[in-house]
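Student: Could you take me through this model feature by feature, giving the general idea before each case?
Tutor: Gladly; let us look at it together.

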Amino acid sequence: MILQNDLLLRTARGELTERVPVWMMRQAGRVLAQYRAVRERAGSFITLAKTPELAAEVTIQPVDAFEVDAAIIFSDILVVPEAMGLPYEMIEARGPVFPQTVRSSADLSRLHVADAETDLGYVLDAIRLTKRELNGRVPLIGFAGAPFTIFCYMTEGKGSKTFSVAKKLLYTDPHFAHTLLRQITDSTIAYLKAQIGAGADLIQLFDSWAGILSPEQYRTFSLPYIKQICDAITEVPVTVFAKGAFFARHEIGQLDCQVVGLDWNMDPAESRTLVPNKVLQGNLDPCVLYADFAQIRTEVKQMLDAFGHQHYIANLGHGIYPDTDPDKARCFVDAVRELSAQR
């Protein structure tokens, strides 16, 4: 299928473009009233994510509402541990919870490397349906959680400020940690390749809890597994977004990925120096979208001036917050489109 808007793909491939492409992490979500209506109809987040027709509907909503340059499939990073044999629940106002955890080599017997078509077929069906309904309007981004981030949830059993249970295992039982990380990595590679086969045009890897590790731990327990995934995904461009891993930007820049995502604590000019040969993505503080329209435009201009208008994808430094005014999100997207075309 020929894309009507291939700006994001061309940028990710390192081509010069007429303006900066823009999309937002978590753009398909609670910021939109139409999403909340579908979520209510589904009855639960997990039902919504596992119903391809509904997942496709909410994936496309921000393309209609904001005219972003890409859709990202509506799903969750925790579908991978569930597919491996560790189901989770999504508790309102609390987040994901795993009734059982994996904390020892004996626990590993309950897991298996996920079979993408069998265990995650509902995501692949959602991708196929979304691609058909998008009809070439914009590219579709597929994604997964980076192995260490998934390891955190599988061992801790829930979200945490410190993930001390997960980190404890790195020190006390590194053999177990590496064994579980290898299983997650194998499952993730198979899953991402299946997403590409179903129609995903780009892939993003989210290492949401990278920032809780020391640089040495990150080099030991995260980077090697991200590298394995990047080396395996050769069909489409890959973005690596490691939140909080400011110390690993140079090493991430050495990976076989095309795009490096930055959070709002990572300086654009310094990042260009540390990652000179990659496309950069980011990194407006999501809280900027609480400001008035004039301030949002000012902040966007400063961001564009700092990154430059080539080899760059505009985004937030993390996911858009659910209480953001949709008109402010639209202002952000419009400002990127207008200001980056005026060079």
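Tutor: Helix 15 (residues 293–307) lies across strand 8 (279–284) and strand 9, running at about 155° to strand 8. Contact means heavy atoms within 4.5 Å, while axes are lines fitted to C-alpha atoms, for helices over the stretch in contact, with angles from 0 to 180 degrees between N-to-C directions. Helices (H or I, at least four residues) and strands (E, at least two) are DSSP runs, numbered from the N terminus. This is a predicted model, in which local features need pLDDT of at least 70 and side-chain atom pairs count only at pLDDT 80 or more, whereas totals for chains, interfaces and linings use all residues. Residues are numbered from 1 along each chain as its sequence is written, and side-chain values use heavy atoms, with hydrogens and water left out.

Student: In what order do the seven strands form the open sheet?
Tutor: Strands of a sheet pair through backbone hydrogen bonds, either parallel or antiparallel. Here the order is 1-4-5-6-7-8-9, with parallel pairing, where two strands pair if DSSP finds at least two bridges between them. Strand 1 (71–72) and strand 9 (312–316) stand at the edges with a single partner strand each, so one side of each is left without a neighbour in the sheet.

Student: Is I127 buried or exposed?
Tutor: Buried means under 20% relative accessible area, exposed over 50%, and partly exposed in between (1.4 Å probe, protein chains only). I127 counts as buried because its relative accessibility is 0%. I127 belongs to helix 7, in which 10 of the 14 residues are buried.
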